[in-house]
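Look at the model first, then read on.

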Amino acid sequence: MVEIFQAVILGFIQGMTEFLPISSTAHLIVVPWFFGWQGVVASLPFDLALHIGTSLAVIGFFWRDWVRLFLSFLRNLPGGTKKIWQETESRLFLLLALGSIPAAIAGVFLENIVENSFRKDMVLITSVVIIFALVLYWADSRIGKRKVEKVTLRDSLAVGFAQVLALIPGVSRSGITITAGLLAGLDREAATRFSFLLSTPIIVGASLFKFKDIIKEGGFGDHFDIFLVGSLASAVSGWIAIKFLLSFVQKNSFRVFVVYRLVVGVALLLVTIAR
């Protein structure tokens, strides 16, 4: 029952922090570290289970958008690049595909290197949480007016390359991509929606990519109930987080998340140094 409880807590944290700009990786490292949790919830299979949950959340929320964009792309494909580029939805599908390439390549070649180098460095992680809180604050103060329909190739690549930084624990995938979108001149809602759409291929792809490692290690073993509970908690909280943030940014700034990151980052940095 203890591990079931831990699985629910970590699943909820994964789902909420994957889509809110506060860094899921940092939270999933810090919480077990702070409370001394070990065992199944600290394993690679459990990490995959949580990512499967967030994959289900983002697919469940945006599947209609993806179907519409993909069908538009297929409909215009026979007309070539010019025809694809002329229609908003087919162009957006192409831009999302191109914007996903940098993070996909970086994930394949750099994820293990980054995790082995930075994942256990608590001073670095908490420092990154603080630094990118300030970057988000700066970007949020330079808010633009463009909508998702006005995203350009330059915007897509800028946000796509920014997503590479999410490999570093503490950065936050949604945080850095929203920041890049704001700096590119998108309004808050457009930057957030584009961030979520762009994250879909990477989140789903990362889950599939990690699954082969789980198979090599013998699958989920005798702890399937723990993995299932964690995955479901991650999926439900992830869906709630997406819906909440898309609604929140229509009338509010990102400053509450900046303050949260600063408070948590400074507190954890002091605790880390004290230990």
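## Salt bridges and a nonpolar patch

Arg188 and Asp140 form a salt bridge through their side chains, at 2.7 Å from N to O. The two partners belong to distant parts of the chain: Arg188 sits in helix α9, Asp140 in helix α6 (residues 122-140), and 48 residues separate them. Asp140 is buried, because its relative accessible area is 2%, under the 20% cut-off. Keep in mind that this is a predicted model.

How many salt bridges does the count come to? The count is eight.

Another of these pairs joins Arg193 and Asp65, with 3.7 Å between the closest N and O atoms. This pair also links distant parts of the chain. Arg193 is in helix α9 (residues 188-216), Asp65 is in helix α3 (residues 44-76), and the two are 128 residues apart. Is Asp65 buried or exposed? Asp65 is buried, since its relative accessible area is 16%. Arg193 has 24% relative accessibility, so Arg193 counts as partly exposed.

Asp155 and Arg146 form a further salt bridge through their side chains, again given from N to O, at 2.7 Å. Asp155 counts as buried because its relative accessibility is 6%. Arg146 has a relative accessible area of 24%, so Arg146 is partly exposed.

Some salt bridges share partners. Which residues do they join into one network? The network holds Asp65, Arg68, Glu89 and Arg193.

| Salt bridge | N to O distance |
|---|---|
| Arg188 and Asp140 | 2.7 Å |
| Arg193 and Asp65 | 3.7 Å |
| Asp155 and Arg146 | 2.7 Å |

Two elements give two or more residues each: α5 (88-118) and α7 (153-164). Which element gives the largest share? Helix α5 does, with seven residues.

Leu110 lies in helix α5. Its relative accessibility is 38%, so Leu110 counts as partly exposed.

Definitions and conventions. Residues numbered from 1 in each chain as written. Predicted model: local features only at pLDDT ≥ 70, side-chain atom pairs only at ≥ 80, totals over all residues. Heavy atoms only, no water. Helix = DSSP H or I, 4+ residues; strand = E, 2+ residues; numbered from the N terminus. Buried < 20%, exposed > 50% of the residue type's maximum accessible area, 1.4 Å probe, protein only. Salt bridge = Lys/Arg side-chain N within 4 Å of Asp/Glu carboxyl O.
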